[in-house]
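Colleague: I have a model open and would like to learn how to read it. Can we start with the ligand and then turn to the helices?

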Amino acid sequence: METILKIDNLNKEFGKVHAVKNVSFEIKKGNVYGILGPNGSGKSTTLGIILNVVNRTSGNYQWFDGQMDTHHALKKVGAIIERPNFYPYMTAEENLQLVCNIKGIHYDKVEEKLAVVGLLERKGSKFRTFSLGMKQRLAIASALLNDPEILILDEPTNGLDPQGIRQIRDIIKHIASLGTTILLASHLLDEVEKVCSHVVVLRKGEMLYSGTVDGMIANEGFFELQADNNAELRSLLSNHNAVEKIEEEDGKLFVYLKSPWEAAEVNRYLFQHNICLNHLVKRKHSLEEQFLQLTNHQ
Ligand code: ADP
Ligand code: MG
């Protein structure tokens with residue numbers, strides 16, 4: 001798989017604030033990456049460094065195959081890292097044509113990209129009449145005009161209403177399906193879970209996890225179990241080699257697994273040992289629970 005960006009031991013210090021600490025990850029063509037972390041965790045700083053608007057303190061990053069200087073490489077990158085700025089009294093189409101003039105892009109691209117973000121019917125409307133969500137969609141269209149290899153978005157749904165959030169997420173997924181690699185920063189777990197294939201989790205500048213979203217979710221999970229005699233249930237299960245640990249809460253046993261064990265097998269095993277369950281649910285940690293665990297852990 002082709003590498004789009006490789007980040008190696010990146011550090012950024014703002015005086016006493018160590019905003020980015022030894023961050024390393026790699027972006028491969030065709031995936032959707034999320035940088036996930038609470039406010040102040042170093043997401044925007046990381047994006048600023050790779051886009052050459054923030055100076056790094058140490059470490060390296062390399063765009064594409066490393067044969068190009070950053071200035072040229074960034075011509076193949078589309079990025080929105082600030083609130084989009086367009087001329088309020090010009091139409092959506094005119095605003096994008098202006099961007100074409102500046103970047104030397106054919107006007108044909110304007111309608112193509114307006115269609116991608118669902119604004120083709122509104123191409124003749126003045127920018128000032130647009131909702132926040134439409135403004136954000138226009139910014140995405142603008143960033144796509146030069147058919148970038150990768151689209152970078154910082155908190156793309158911030159400040160939008162639920163419908164606007166949904167539209168932006170659908171558009172991001174659509175753009176990814178057309179083959180554009182995407183890197184987005186977000187403090188929203190469900191956003192990353194819904195939109196991204198890969199995730200880098202940051203807390204106070206430190207990388208807590210890097211890998212697939214599926215990989216982060218796919219631990220072996222746990223069961224919620226209840227029987228008439230929970231003590232008997234507990235003592236039987238605690239001797240089973242798939243069981244990592246057991247906790248009890250509100251009359252239910254939470255049975256955490258260290259190796260796969262399916263619900264039907266659990267049921268059969270317990271029945272064979274004369275235990276009848278009156279409650280059985282298999283659960284996996286959601287990314288949200290995992291994320292909260294990761295970020296609460298000091
Ligand atoms: P995020 O985007 O995850 O919310 P940032 O990258 O914006 O986080 O900020 C990371 C840390 O760096 C924060 O503590 C923030 O206050 C600090 N920081 C960011 N930019 C500057 C700056 N220009 N000067 C000083 N400190 C900064
Ligand atoms: Mg930020």
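Modeller: Start with two terms. Helices and strands here are DSSP runs, numbered from the N terminus. A residue belongs to the shell if one of its heavy atoms lies within 4 Å of the ligand. Bear in mind that this is a predicted model.

Colleague: Which helix gives the largest share of the shell around ligand 1?

Modeller: Helix H1 does, with three residues. H1 spans 43-50, and strand E2 spans 17-28. Each of these two elements supplies at least two residues of the shell.

Colleague: Which residues are around ligand 1?

Modeller: Read them along the chain. Phe14, Val17 and Ala19 come up, then Pro38, Asn39, Gly40, Ser41 and Gly42, and then Lys43, Ser44 and Thr45.

Colleague: How do these residues divide into nonpolar, polar and charged?

Modeller: Gly counts as polar in this scheme. The shell then has four nonpolar residues, six polar and one charged.

Colleague: How much of ligand 1 does the protein bury?

Modeller: Ligand 1 taken alone exposes 560 Å². The protein buries 57% of that.

Colleague: Now the helices. At what angle do H3 and H5 cross?

Modeller: Compare the N-to-C directions of the two axes. H3 covers residues 92-103 and H5 covers 132-144. Their axes come within 10 Å and cross at roughly 30 degrees. Angles under 35 degrees count as roughly parallel, so H3 is roughly parallel to H5. The crossing is right-handed.

Colleague: How do H5 and H6 cross?

Modeller: H6 is residues 162-177. The axes of H5 and H6 come within 10 Å, at roughly 15 degrees. H5 and H6 are therefore roughly parallel too. This crossing is right-handed.

Colleague: And what angle do H3 and H4 make?

Modeller: H4 runs over residues 108-116. H3 and H4 pack at about 125 degrees, with axes 9 Å apart. That pair is therefore oblique. H3 passes H4 in a right-handed crossing.

Terms used: Residues are numbered from 1 along each chain as its sequence is written. Chains are lettered from A and ligands numbered from 1 in the order in which they are written. This is a predicted model: local features need pLDDT of at least 70, side-chain atom pairs count only at pLDDT 80 or more; totals for chains, interfaces and linings use all residues. Side-chain values use heavy atoms; hydrogens and water are left out. Accessible areas come from the Shrake-Rupley method with a 1.4 Å probe; for residues, only the protein chains shown count as cover. Helices (H or I, at least four residues) and strands (E, at least two) are DSSP runs, numbered from the N terminus. Axes are lines fitted to C-alpha atoms, for helices over the stretch in contact, and angles run from 0 to 180 degrees between N-to-C directions. Angles under 35 degrees count as roughly parallel, over 145 as roughly antiparallel, 65 to 115 as roughly perpendicular and the rest as oblique. A crossing is left-handed if the near helix is turned anticlockwise from the far one by less than a right angle, and right-handed if clockwise.
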